Amino acid sequence: MQRANLAEKDPHRSQLCLHPRFHSRFLTYDRDLIVYLPPGYALQTDRSYPVLYLQDGQNLFEAHPHSWRIRETADALILSGEIEPLVIVGIAHTGEHRLAEYTPTADWKQGGGLAEQYGHLLAEELLPFIAAHYRVRPGPAGTGLGGSSLGGLAALYLGLKHADVFGKLAVLSPSIWWNHRSILALVSEIAPQMPSRPRIWLDVGESEGPRAITDTELLDRRLRSKGWRPGENLHFQSFPGGTHDEASWSARVSPLLRFLFPAPRGF
């Protein structure tokens, strides 16, 4: 698989690298990867980095109103010393197959339910691929997974199922409504069997509607009842005026990175 630089090759600046058409034996359709390398990555060759994997990779890095503008935000936080330098992997969705791949259970009307296979792609294929190409830190303490909407639902489900792989979860405006809120039952089912509790950022926009707010509050309470501790390994926040779109999620990137990847003391 070819790797293409999408940004200038100044070693002091962050870099974006494209890996097109990543292929999996678990799912039929290939997907592109965009990898963010933090400022100074090329200079500090003896250093390894934590890594955050994010769904909907085509919405993350482009500098336009429909992007999360992650590169600009991560650059600013790293250079100011607010977060630890990290690698960020954007995993493009596969268009019309996005719903199926990001949903943990099948709905009788809308189908879906391929998140388990997508999880195998991540844990068994993508993580080893990234580790072979980049200096990333192994283990759940340095590995995060995140997304928004259905991507947030997938991140939560797979973070619960693979807590030995993903120790940090960014769950933005998750589609808790999917299949009659089946994720709430899955939390109750999976949590008692988990070896550890991943650190979770959970949020919702207050302009996403009463149902979205109520559902996310229910999820927050369910997580707390299953052993997550607010302020320690769980942060739930509702954003005044927040909507269900990239522009709103981009404003949440800075606080979620500070919560999940804070700069170590003495950094």
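The buried residues of α5 are Trp178, Asn179, Ser182, Ile183, Leu184, Leu186, Val187 and Ile190. Buried means under 20% relative accessible area, with exposed over 50% and partly exposed in between, using a 1.4 Å probe and protein chains only. This is a predicted model, where local features need pLDDT of at least 70, side-chain atom pairs count only at pLDDT 80 or more, and totals for chains, interfaces and linings use all residues. Residues are numbered from 1 along each chain as its sequence is written, and side-chain values use heavy atoms, without hydrogens or water.

What do those buried residues pack against? They pack against α2 (98-102), α4 (150-161) and α6 (210-225). Helices here are DSSP runs of H or I, at least four residues, and strands are runs of E, at least two, numbered from the N terminus.

Now take α6. Its axis lies 10 Å from that of α5, at an angle of about 5°. The two helices are therefore roughly parallel, a label for angles under 35 degrees. On the α5 side, Arg181, Leu184, Ala185, Val187 and Ser188 meet Asp215, Leu218, Leu219, Arg222 and Leu223 of α6. Contact means heavy atoms within 4.5 Å.

Last, asparagine 179. It sits in α5. Asparagine 179 has a relative accessible area of 18%.

Terms used:
Axes fitted to C-alpha atoms, helices over the stretch in contact; angles between N-to-C directions. Parallel < 35°, antiparallel > 145°, perpendicular 65-115°, else oblique.
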